[in-house]
Every structure is written in structure tokens, then in C-alpha cells.
Amino acid sequence: MIQIEEAEIIGKCCLCTNFCNFAENTTGLCGLRGTANGKRFSLCSPNNALLSYYEDPLPTNCCNAWFCEGSKMHGTNLAVFYYGCSFDCLFCQNWQHKNVERANLISVEEMVDAAMKERVRCICHFGGSPEPQLAFALRFSEKAAKEKDLMVCWEWNGGGREKYVRKAAEISSQTGGTIKFDLKAWNENLHRILTGRSNKPTLENFAIVYDTAPEVISATTLMVPYYVDEAEVEGIASFIASFDRKIPYSLLVFHPDYRLRDLPVTPLNQVKKCYNAAKKYLERVNVGNLHLLGLRLL
Ligand code: SF4
Ligand code: SF4
Ligand code: SF4
């Protein structure tokens, strides 16, 4: 059982690679931890997380459904949506995660019970992004996987602390699950503009997961019109290929949301250029959200 140090939020918070320092009466970027009336607080803990969960019949709409083992099975995926995120993306397509005050506090025990239902075959940790609540997610996953055969998967921005990231990779490897990194931009300045954070910790964690369990790793990129073009995709694809040309990579068609509601759906021409750029480096490239273009197959 991993030990989680709640003491990590004393001083600056070290629970993800943002390392937030709180001014008085403020919260960190995830909104889950901060200071009020001269005291530090955390809305969650390794035993209780702010999340919602539901079962999705397999095959699901997981980003890895185009190749994962779970999609070939009968039963359900236990989808776990974590509130709070360590990024602040302008195009966030799950921005409801910011409403941490509306979220329910759910215990490890309740989640383990939910995972024990016979029809549940896999767990997808997503959100938001699970990084700020990884301590909980790992504890729940370890307990559930001890009781039953379950694939444990992660869809994340990749900005978690190394020790948690390694542990997540080990659990996914042991259970036959996957880890999907959302690689949002190759140019670091562009990444900061779009997400509020550097892409360096994410790229470092990609290398750590590959080093720990290469078979679990995959990636996606959202093709944001005018921003994340074929040059960005080429940089990301060549980075992925520097580990292995067979790593699965999915390009996702953008739809207007959150603060980028004035942009169009990714134009088909951009989709084709991005796809061709990725295929120069990688053998397994998919395009997701094609229905937004009224298409089924590229
Ligand atoms: S977990 Fe939240 S408060 Fe802590 S460093 Fe990360 S974003 Fe900041
Ligand atoms: S949770 Fe994992 S195994 Fe299950 S459908 Fe999603 S990616 Fe596939
Ligand atoms: S990492 Fe994902 S959930 Fe978090 S702000 Fe960005 S798009 Fe939204």
C-alpha cells in the first residue's frame, strides 16, 4: 500500500508538478487546496475524493477504445470523473470539473464496492484530470485490483508527481490497462498559452511511464484550429516515435467549448495534414471525433 503524505500540502503543495504556493485566501490551480482564514485546507484526501462515477457499457467512448483490450469484452467500464485539474486549458471540453464545490466527496470503500460489481471489467480514471487526486486514485485502484481482475486505465494531462506516475504505470501494467497522455502542444510557449502550464513535466513523465511499463503508453492531441497544426503534430509525433514508432496516437477533432467557443470545428484540411504529419513517424495513428465532421472513416 502506498503511503500518501498529506503533509505535502504544508508549505507549498507538492501533490502535482505545479507546486502551488498559496497566498492568503487563495487556492491552487486545481481549486482543491488552498488557504482560508490563516489556515491551509484540502477538500479531499487519499481516502476521500471529489468525483462522480458511472458505468459505461463496453465498448465505450474512452480515447483508447480504438485499440484497447477492454473494448473487445462484454460488461462495463467504471468511468471515474475527478473534479479539479492541474491545467487551465482554454479549450477545456470537460470544464465542469472546475465546479469543485458541487462535487460529492466519495470514499475509497464506496469506489471499491462499485468496482466489485461482476459486470465491471475496467476502470478509467479521467476528469478533469486525476493528477491532483492521484493519491486517492492509486489507493482505490490498488485495493480494487487486489480483489478482482480489472484493467486500470488513465486519461491524463501527464503533470503528476513522478512517484505517483510510476505507481500508476505499474498498476496499469499489472492489470493490462493503458495510460493515455494528452500531449496538447509541442511548442512550450504555445502550450503555456493554451493550458497555463509548461509541457516539460508531461514530456518527462511520458519518458518515465515508457521506462516503467512501455506497453501501457499511448497519446492523443486535440487539433485546435489555428493553434495545434501539422507542425505541432509533427513535433509531438517525432517525440513519441523517439521511444517507439508503434505507440498508439490519436488525433482528436476539436469542437468549440469553454473559452474557445468562437473557433470552428477542426477543418477537414487541417485534419488531413495533421494525420499525414503523424503518419511520417508513427505506425498506429487514429482520428477521433470524426462524427463532428460528419465522417466515419478518414
Ligand atoms: S494538487 Fe492542486 S494545489 Fe497542489 S500543486 Fe497541484 S494544482 Fe497546486
Ligand atoms: S478503461 Fe481502459 S480497457 Fe476499459 S475501455 Fe477504457 S481504455 Fe479500454
Ligand atoms: S487538462 Fe483536460 S480537463 Fe484539464 S483543463 Fe485541460 S482540457 Fe480541461
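**Close-up views of a predicted model**

**View 1. Ligand 3 sits in the largest pocket.** The model shown in this and the following views is predicted.

**Close-up views of a predicted model**

**View 1. Ligand 3 sits in the largest pocket.** The model shown in this and the following views is predicted.

**View 2. Ligand 2 sits in the second largest pocket.** Around ligand 2 are Leu 58, Thr 60, Cys 62, Asn 64, Cys 68, Gly 70, Asn 77, Cys 122, Ile 123, Cys 124, Cys 153 and Thr 178. Strand 6, which spans residues 120-127, contributes the most to this shell, with three residues. The shell around ligand 2 contains seven nonpolar and five polar residues, and no charged residues.

**View 3. Ligand 1 sits in the largest cavity.**

**View 4. A cis peptide bond joins Leu 58 and Pro 59.** The omega angle of this bond is about -5 degrees. Most peptide bonds are trans. Pro 59 lies in the loop between strand 3 (48-57) and strand 4 (76-82). Its partner in the bond, Leu 58, is also one of the residues around ligand 2.

**View 5. Tyr 226 has a positive phi.** The phi angle of Tyr 226 is near 70 degrees, and this residue is not a glycine. Most residues other than glycine have a negative phi. Tyr 226 is located in the loop between strand 9 (217-223) and helix 6.

**View 6. Helix 6 packs with helix 7.** Helix 6 covers residues 230-241 and helix 7 covers residues 268-279. The axes of helix 6 and helix 7 are 8 Å apart, and the angle between these helices is about 25 degrees. Helix 6 is therefore roughly parallel to helix 7, as angles under 35 degrees count as roughly parallel. The crossing of these two helices is right-handed.

**View 7. Helix 1 crosses helix 2 at roughly 45 degrees.** Helix 1 (residues 108-115) and helix 2 (residues 134-147) have axes that come within 9 Å. Because of this angle, helix 1 is oblique to helix 2. Helix 1 passes helix 2 with a right-handed crossing.

**View 8. Helix 2 crosses helix 3 at roughly 25 degrees.** The axes of helix 2 and helix 3 (residues 162-175) come within 10 Å. This angle makes helix 2 roughly parallel to helix 3. The crossing of helix 2 and helix 3 is left-handed.

Technical notes
Residues are numbered from 1 along each chain as its sequence is written. Chains are lettered from A and ligands numbered from 1 in the order in which they are written. This is a predicted model: local features need pLDDT of at least 70, side-chain atom pairs count only at pLDDT 80 or more; totals for chains, interfaces and linings use all residues. Side-chain values use heavy atoms; hydrogens and water are left out. A residue is near a molecule or strand if one of its heavy atoms lies within 4 Å of it. On a 1 Å grid over the protein atoms alone, a cavity is a set of points where a 1.4 Å probe fits but cannot get out, and a pocket is an open set with protein on both sides within 12 Å along at least five of seven lines; lining residues have an atom within 4 Å of a point. A molecule sits in a cavity or pocket if more than half of its atoms lie within 2 Å of its grid points. Helices (H or I, at least four residues) and strands (E, at least two) are DSSP runs, numbered from the N terminus. Ala, Val, Leu, Ile, Met, Phe, Trp, Tyr, Cys and Pro count as nonpolar, Asp, Glu, Lys and Arg as charged, and the others, Gly among them, as polar. Axes are lines fitted to C-alpha atoms, for helices over the stretch in contact, and angles run from 0 to 180 degrees between N-to-C directions. Angles under 35 degrees count as roughly parallel, over 145 as roughly antiparallel, 65 to 115 as roughly perpendicular and the rest as oblique. A crossing is left-handed if the near helix is turned anticlockwise from the far one by less than a right angle, and right-handed if clockwise.
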